[in-house]
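Take a look at the sequence and the structure below. This short report goes through a few of the details.

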Amino acid sequence: MKIAILGAMPEEIDPFIVEIPTQIDYYAGNKFYKAEFAGHELFIAYSKIGKVNAAITATLLIEKFKVEALLFTGVAGALKDNFKIGELLYATKLAQHDLDISAFGHPVGYVPGNEIFVNTSKKLNKIAVKTAKDLGLTLKSGVIASGDQFICDDDKKAWIAKTFGADAVEMEGASVAQVCSAFKVPFFIMRAISDVAGHKAEIDYDEFMENSAKTSADFVLKMIEKI
Ligand code: ADE
């Protein structure tokens with residue numbers, strides 16, 4: 001099967017490049033690593049941060065490289081107290097917290113023609129749960145809200161958690177979800193917590209991002225063996 005592994009930053013996909021011998025292809029300002037792993041053809045890339053960058057790379061992976069499933073790996077800020085730094089969480093559904101035409105009476109996160117939330121693949125989520133069980137790892141699930149902002153403010157954090165019932169916040173997942181859903185490609189969004197998105201979250205992020213990115217990537221690598 002052709003499987004895409006997508007992260008936003010080099011740190012989020014580096015563990016794959018280190019573990020698996022890869023070939024490189026350049027296209028539209030993106031670098032794509034190709035590899036054979038566990039009987040699959042992998043297409044590995046980092047998009048750069050943000051929803052637009054992630055949407056471009058996800059679209060290329062689907063339209064140019066014809067991937068049949070997409071696994072996103074990376075870090076997120078926790079919005080709820082039950083998610084701690086270093087913990088793994090996969091998204092059950094995702095929304096864009098900064099998509100706002102509420103001036104016209106619409107709910108935040110909604111634009112005509114789309115739903116507020118995009119659901120992830122139940123089949124891939126089940127494989128993740130089985131992977132975690134077999135490895136004896138704790139894997140949580142939750143709602144992820146994405147937006148083009150690093151959240152490091154307690155009021156903003158509380159607003160996103162309440163408005164979307166969200167458990168974690170990041171800057172790409174919902175755009176990748178929208179692309180995959182438009183092309184009917186099953187997708188999975190894995191995140192490890194790097195910070196708790198409140199006041200001074202950037203300090204925790206700087207300290208824990210790399211470790212959490214590796215935790216997430218290592219998990220996805222194991223998960224591929226079960227696909
Ligand atoms: N990714 C990791 N932590 C984040 C935060 N606090 N806000 C947005 N994206 C993040």
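Which polar backbone atom is 2.9 Å from a nitrogen atom of the ligand? That backbone atom belongs to Ile151. Keep in mind that this is a predicted model.

## Around the ligand

The ligand is surrounded by 13 residues. Gly77, Ile151, Glu170, Ser194 and Asp195 are the closest.

At Gly77, a polar backbone atom is 3.2 Å from a nitrogen atom of the ligand. The protein buries 96% of the 260 Å² that the ligand exposes when taken alone.

## What the shell is made of

Sort the shell by class. Eight of its residues are nonpolar, three are polar and two are charged.

Now sort by element. Three strands each give at least two residues to the shell: S5 (69–78), S9 (168–170) and S10 (187–195). The largest share comes from S5, which supplies three residues.

Is Lys66 buried, exposed or partly exposed? Its relative accessible area is 47%. The cut-offs are under 20% for buried and over 50% for exposed, with partly exposed in between. Lys66 is therefore partly exposed.

Set aside the neighbours within four places in sequence. Lys66 is then in contact with Lys2 and Leu61. Ile3 is 63 residues away from Lys66 along the chain, yet their C-alpha atoms are separated by 8.9 Å.

## Helix H5

After H5 comes Lys184. Its phi is positive, near 55°.

## A hairpin

Strands S2 (residues 23–27) and S3 (residues 30–37) pair in the antiparallel sense. How many bridges join S2 and S3? The pairing runs over five bridges. Asp25 stands opposite Phe32 in S3.

Together S2 and S3 form a hairpin, with two residues between the strands. Ala28 is in the turn, and its phi is positive, about 50°.

Definitions and conventions: Residues are numbered from 1 along each chain as its sequence is written. This is a predicted model: local features need pLDDT of at least 70, side-chain atom pairs count only at pLDDT 80 or more; totals for chains, interfaces and linings use all residues. Side-chain values use heavy atoms; hydrogens and water are left out. A residue is near a molecule or strand if one of its heavy atoms lies within 4 Å of it. A polar contact is a pair of N or O atoms within 3.5 Å; within protein, one must be able to donate a hydrogen and the other to accept it, and residues adjacent in sequence count only if both atoms are side-chain atoms. Accessible areas come from the Shrake-Rupley method with a 1.4 Å probe; for residues, only the protein chains shown count as cover. Helices (H or I, at least four residues) and strands (E, at least two) are DSSP runs, numbered from the N terminus. Ala, Val, Leu, Ile, Met, Phe, Trp, Tyr, Cys and Pro count as nonpolar, Asp, Glu, Lys and Arg as charged, and the others, Gly among them, as polar. Buried means under 20% relative accessible area, exposed over 50%, partly exposed in between (1.4 Å probe, protein chains only). Contact means heavy atoms within 4.5 Å. Two strands pair if DSSP finds at least two bridges between them.
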